[in-house]
Amino acid sequence: MSRTPIGEEDIDKEDIVLTFACPDRMGIVHGVSKFLLDHGCNIVESRQFDERVNGRFFMRVQFRAQGRAEDVIDGLRDDFRPLASEFAMDWRLSRVSHRLRVLILVSRIPHCLNDLLFRAHHDRLRLDIAGVVSNHPDLGPLADNYRVPFHHIPVTPESKPDAEARLLRLIEDLDVELVVLARYMQILSADLCKTLEGRAINIHHSMLPSFKGAKPYHKAHERGVKLVGATAHYVTADLDEGPIIEQEIARVDHAMSADEITRLGKDNECRALARAVQYHAENRILLDGQRTVVLV
């Protein structure tokens with residue numbers, strides 16, 4: 001990483017982020033740096049990764065432009081296209097101050113929802129939470145406490161297609177950019193997973209051995225596990241097997257009760273999910289097949 005000191009004249013200027021992935025070859029960093037220099041941009045943070053097995057290059061550059069970001073970003077996009085084409089880049093240019101429009105899906109378990117709402121409310125996550133959707137009405141008061149719209153969309157085997165259609169309409173109507181499954185205990189259809197590809201994040205417990213079904217932490221306690229963990233990943237049609245973004249673990253011992261392990265596991269889930277959402281919101285994640293490259 002490289003950082004450049006901020007002068008007084010830059011305090012009111014807003015940073016812009018460029019992220020891209022492309023086939024690795026000589027001259028990529030030089031080309032990007034020269035482009036930014038020629039356009040009067042000052043690099044304030046840079047991360048890169050050379051994936052040598054498949055010959056892919058990944059980079060995230062945060063920079064400060066001459067003039068306000070909202071005034072210059074469209075021009076920068078137009079001017080950058082020839083360079084992006086030359087290096088066959090999959091790329092994105094965005095304003096740092098942009099608040100991602102997020103829709104949170106939840107069932108009856110409140111800890112991840114409460115954590116995200118708290119962090120967003122206190123600006124620990126730069127999000128614009130457009131609403132909360134649940135297949136149960138139980139957590140409506142929690143959303144109300146944060147003045148976030150709550151939408152009850154019941155789901156049964158018979159009503160699931162209609163429920164997912166309602167959810168998609170809500171996503172479109174609210175201009176949602178990211179869907180977060182904060183312990184949403186419903187399996188999304190393959191079609192919905194495809195529609196939300198790359199813009200839906202899920203959280204689940206991950207322990208060795210794996211314990212599925214109800215009360216997984218109590219089952220872990222019965223087996224005497226020594227580690228409990230949580231995994232945040234992008235949603236795919238393969239249940240709980242999407243590209244992993246973030247993981248969290250904690251040690252446990254024989255003296256802990258099942259309830260203590262459960263509390264520890266829930267804390268893991270909150271931390272892993274919050275970091276995954278943060279990395280996505282800050283454009284720090286690039287997909288590399290079934291893997292992610294997280295440039296932090």
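Strand E9 (200-205) contributes four residues to the lining of the largest pocket, the largest share of any element (helices, H or I, of at least four residues and strands, E, of at least two are DSSP runs numbered from the N terminus). The model is predicted: local features need pLDDT of at least 70 and side-chain atom pairs count only at pLDDT 80 or more, while totals for chains, interfaces and linings use all residues. Residues are numbered from 1 along each chain as its sequence is written, and side-chain values use heavy atoms, without hydrogens and water.

The largest pocket has a volume of about 990 Å³. A pocket is an open set of points on a 1 Å grid over the protein atoms alone, where a 1.4 Å probe fits, with protein on both sides within 12 Å along at least five of seven lines; lining residues have an atom within 4 Å of a point. Points are joined across faces, edges and corners, and volume is the space filled by probe spheres set on them.

Of the 37 lining residues of the largest pocket, Arg183, Met185, His204, His205 and Asp240 are closest to its centre. Elements giving two or more residues are helix H6 (190-195), E9, helix H7 (216-223) and helix H8 (258-281). The lining comprises 17 nonpolar, twelve polar and eight charged residues (nonpolar: Ala, Val, Leu, Ile, Met, Phe, Trp, Tyr, Cys and Pro; charged: Asp, Glu, Lys and Arg; polar: the others, Gly among them).

The second largest pocket holds about 460 Å³. Its lining has 20 residues, of which Arg92, His280, Asn283, Ile285 and Leu286 are closest to the centre. Strand E4 gives the most, five residues. This pocket lies between domain 1 (8-95) and domain 2 (100-294), because both give residues to its lining; the bounds come from an automatic or database domain assignment.
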